[in-house]
Amino acid sequence: SDDVYVTVNSLPVVDLGPDQWGCTGFSASLDASPGFAKYQWSNGANSQKVDVPAGEYSVLVTDNNGCVGGDMAKVSWFPVPNVDLGPDEYVCPLAEPVLDAGSGFVSYLWHNGSTSSTINAVVGDLHQVFVTDKNGCTGMDSKYVLPLTTPSLWLDSVQSVCDNQKLVLDAGAGFQYYRWNDGSSDQTLVPTTPGLYFVEVSDGCFVINDSVQVSFLPSPVVMGVDSTFYKQLIILASGGTLPFEYQLNNGQWQDNSTFTDLENGHHHFIIRDANDCRAEYDVDYTSFINISVPPIITPDGDGFNDTWVIPGIERAPESRIRIYDRFGKM
């Protein structure tokens, strides 16, 4: 027989303490206590103490007997206080908007030293606030309050239009009110007589005035067409500002008002003057020549066939007439 003594050593006890909380960026110090032969942390460290950010961590310790014990700890961050001053803002230069950092915070500190939750903004400055919550954590926001610039009106000082066209004066969109010199309050105005026109607009911040001198240019007027000659039309126009140019059926422009070699049918004419004022004219054109050549001439003064005239030849002024005697001599 024999006797054996077996000794069971107690497991090492390690205590990392309670879970820890801190503000964003907080680094906790975890201590596994001294006196152990070996330390193995979940983040790979092997020292007695580690400084760690937010997360869950564990440690295994080994004593001199080779026995192993362990513990776990959690490090958490409080949420950052959410303070929102809103987007950058454009205001009238003389305005005093109020910036509000919101309620529910323990303390406030503005860039100008104010410790209230609201301040009157200074137009043109960058405003910044730091807030602290019940956990002692700090949040920050900033906001520019900038002055609005004077809007522009784009009315030309002088506007001219042909008297057969419509002119629209447009003061531009986006204003709160419009006031023309005739009392109308629309964005646009259609003048019917020449003269000086005024408009006043406001965007709720600035009041702006502008004016425009309106003139109406005389347009050409087509009085009709001269179709005396065969396959030829002459455009009869007046008014407007000389010189005129003429166009037939969207063809080339020409200085001459006469169009030749016209085919029968519908034709569209455009007349423009020195100011590019225009008139248009449509005509359904039909032209023919009925020529009757007298077969005889007896200039004996008896009143019959004393002259030789070809009726209708006046419609063809460029005709060439050749007369032959009975022997074929011209």
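Lysine 231 is partly exposed in this predicted model. Its relative accessible area is 24%. The residue is found in the loop between strand 19 (220-226) and strand 20. Lysine 231 has a positive phi of about 60°, although it is not a glycine. Its side chain meets that of glutamate 263 in a salt bridge, at 3.9 Å from N to O. Glutamate 263 lies in the loop between strand 22 and strand 23 (265-272), so the pair ties together parts that are 32 residues apart in sequence. At 54% relative accessibility, glutamate 263 counts as exposed.

A positive phi is also found at asparagine 249, a residue other than glycine. Here the value is near 50°. Asparagine 249 is placed in the loop between strand 21 and strand 22 (258-260). This residue counts as partly exposed, because its relative accessibility is 36%. A further backbone feature is the cis peptide bond from leucine 242 to proline 243, with omega near 0°. Proline 243 belongs to the loop between strand 20 (232-239) and strand 21 (245-248).

Six salt bridges are found in a search of the whole structure. One of the six joins aspartate 31 to lysine 49, with the closest N and O atoms 3.9 Å apart. This pair links distant parts of the chain. Aspartate 31 is in strand 2 (residues 28-31), and lysine 49 is in strand 4 (residues 49-52), 18 residues apart. Aspartate 31 counts as partly exposed, at 28% relative accessibility.

Another salt bridge is formed by arginine 179 and glutamate 200. Their closest N and O atoms are 2.8 Å apart. Again, distant parts of the chain are linked: arginine 179 is in strand 15 (residues 177-180), glutamate 200 in strand 17 (residues 195-202), and 21 residues separate them. Arginine 179 is partly exposed, at 45% relative accessibility. Glutamate 200 is partly exposed too, with a relative accessible area of 22%.

The structure holds six aromatic pairs. Among them is the pair of phenylalanine 36 and tyrosine 39, which is edge-to-face. The ring centres are 6.0 Å apart, and the planes stand at 85°. Both phenylalanine 36 and tyrosine 39 are buried. In the pair of phenylalanine 244 and tyrosine 246, the centres are 6.5 Å apart. The planes of these two rings are at 80°, so this pair is edge-to-face as well. Phenylalanine 244 counts as buried because its relative accessibility is 8%, under the 20% limit. Tyrosine 246 counts as buried at 9%.

Strand 1 and strand 6 (residues 68-77) run parallel and are joined by three bridges. Tryptophan 21 stands opposite serine 76, which is in strand 6.

The surface also carries a nonpolar patch of about 370 Å², made by Val4, Val6 and Val8. Valine 8 is placed in the segment before strand 1 (20-22). With a relative accessibility of 73%, valine 8 counts as exposed, because this value is over 50%.

Conventions. Residues are numbered from 1 along each chain as its sequence is written. This is a predicted model: local features need pLDDT of at least 70, side-chain atom pairs count only at pLDDT 80 or more; totals for chains, interfaces and linings use all residues. Side-chain values use heavy atoms; hydrogens and water are left out. Helices (H or I, at least four residues) and strands (E, at least two) are DSSP runs, numbered from the N terminus. Buried means under 20% relative accessible area, exposed over 50%, partly exposed in between (1.4 Å probe, protein chains only). Patches are made of residues with over 30% relative accessible area and no salt bridge: like charges are joined within 9 Å, nonpolar side chains (Val, Leu, Ile, Met, Phe, Trp, Tyr) within 5 Å. Accessible areas come from the Shrake-Rupley method with a 1.4 Å probe; for residues, only the protein chains shown count as cover. A salt bridge is a side-chain nitrogen of Lys or Arg within 4 Å of a carboxyl oxygen of Asp or Glu. Two strands pair if DSSP finds at least two bridges between them. Rings of Phe, Tyr and Trp (its six-membered ring) pair if their centres lie within 6.5 Å; planes under 30 degrees apart count as stacked, over 60 as edge-to-face and the rest as tilted.
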